[in-house]
Amino acid sequence: MAGGSIIKFLVNGGDATDAFNEFHYRSERAQKLLKHLPKRPAPKDVIAEQGSNGREDLSKAFANLHQELVLEGFFEPSMYEVVYRNLELLAIHAIGVYFVSLGSLPAILAGLCILGIGSGRCGWLMHEGGHYSMTGSINIDKAFQIVIYGVGCGMSAGWWRSQHNRHHATPQKLQHDVDLDTLPLVAFNARIAEKARSPIVRAWLRFQHIAFIPISCLLVALGWQFYLHPRYMIRTKKKFELMTLIVRYSLFFGLLFRDFTWTQAIFAYLFYNMCGAAYIFTNFALSHTHLPVSNPDEYLHWVEYAAKHTTNLTPGFICNWWMAYLNFQIEHHLFPSMPQFRHPIIAPRVKKLFEDHGLVYDVRDYFPCLADTLKNLADVGKSAGSYSKSL
């Protein structure tokens, strides 16, 4: 399993076979390490109870689908797609810089908003690199991710990989999915909100559905950019990542904002950051946060995690572009190493797999799903208020 915790996952009662295979599809090193780990035959009663997490039929069907998709070339990258996505980023940033250079307040605000969208789209593309599904080369994808995430978002690729893969392994699972550990800024589930002891935090949570898009997303981004991620880079001696931050802030404050006062430059950066953070964090929230959680001692099948804890957004040209094909979140969670632009093609086959095994293939329209997400935040916030009254 990702993060080097396959043994812990299996010993604690779950079968990590599918997770390991999907995460490390391209990694010869991971396969070699697995072969050299100490091993012993599992007792037959353990295999009977825990093998395939109780869904041998589902495991076989999923393995068959995976093999079919491999043979049909769906895991192969497309250099055309790589070039297009990178040229798109350059174009968006060039347009944003042009508008800022015009100098009028409306033009500057428009330019900063465009640059914010560009930053968000850097987040989408670095996500592809972080899953090694961009070029087919792990080393090249890592380098792409470091540069795009560092210069484009001011964040650490190494930190992202270590945290995001844990989320991917067990989405919406308490004590396992790091994306649930969001206090004090936000709580996506009532069982997380219960942990808030401070009256200030509980009061904040009661208004989190209002604050989430314009304020909370920005605060998360600032916390990552100026504390959590630089601290990780320094602690783990990520010199290349630190260099990308130097490039980023030289471009912003040395070039783009060179004619601004420091006060103007700071406010401009905050507005740009607010646009970018709201764009990407809100869209990511649509995929999971409004769905139920599973218990720490509950072991679902790899496919069941995608079915019970993941939502797709209705496909279409605009939505596919806006979310960089991650509106096909179910397919992405099943096949994280597959280039994301291929997800629309395989979606009918995934839906058929779900139907054949009694699983719900959850697809929602974009704006109703956004409403579901904000309503969930409001409901969880109310539960935090009710909990505070009982103390």
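User: Leaving aside its neighbours within four places in sequence, what is tryptophan 124 in contact with?
Analyst: This is a predicted model, where local features need pLDDT of at least 70, side-chain atom pairs count only at pLDDT 80 or more, and totals for chains, interfaces and linings use all residues. Residues are numbered from 1 along each chain as its sequence is written, and side-chain values use heavy atoms, with hydrogens and water left out. Tryptophan 124 is in contact with Arg85, Tyr279, Ile280, Asn283, Phe284, Trp322, Met323, Ala324 and Leu326, leaving aside neighbours within four places in sequence. Contact means heavy atoms within 4.5 Å.

User: Is tryptophan 124 buried or exposed?
Analyst: Tryptophan 124 is buried, at 1% relative accessible area. Buried is under 20%, exposed is over 50%, and partly exposed is in between (1.4 Å probe, protein chains only).

User: How do the rings of tryptophan 124 and phenylalanine 284 sit?
Analyst: They are tilted, with centres 4.9 Å apart and planes at 55°. Rings of Phe, Tyr and Trp (its six-membered ring) pair if their centres lie within 6.5 Å; planes under 30 degrees apart are stacked, over 60 edge-to-face, and the rest tilted.

User: Which helices does that pair tie together?
Analyst: Tryptophan 124 is in helix 7 (residues 105–130) and phenylalanine 284 in helix 14 (residues 262–288), so the pair ties together parts 160 residues apart in sequence. Helices here are DSSP runs (H or I, at least four residues), numbered from the N terminus. Phenylalanine 284 is partly exposed, at 23% relative accessibility.

User: On to cores. How many residues has the largest nonpolar core?
Analyst: It has 36 residues, and those with the most contacts inside it are Trp124, Tyr149, Phe212, Phe281 and Leu313. A nonpolar core is a set of buried Ala, Val, Leu, Ile, Met, Phe, Trp, Tyr and Cys residues joined through side-chain atoms within 4.5 Å.

User: Which helix gives the most to this core?
Analyst: Helix 14, with six residues. A second, separate core has 26 residues, including Leu69, Ala306, Met338 and Ala347.

User: New topic. How many aromatic pairs does the structure hold?
Analyst: It holds 26. One of them joins tyrosine 25 and phenylalanine 75, tilted, at 4.7 Å centre to centre and 40° between the planes.

User: Where does the charged end of arginine 121 sit?
Analyst: Over the ring of tryptophan 321, 4.0 Å from its centre. A charge sits over a ring if NZ of Lys or CZ of Arg is within 6 Å of the ring centre and within 35 degrees of the ring normal. Lysine 173 has its charged end over the ring of tyrosine 299, 3.7 Å from the ring's centre.

Technical notes. Helix = DSSP H or I, 4+ residues; strand = E, 2+ residues; numbered from the N terminus.
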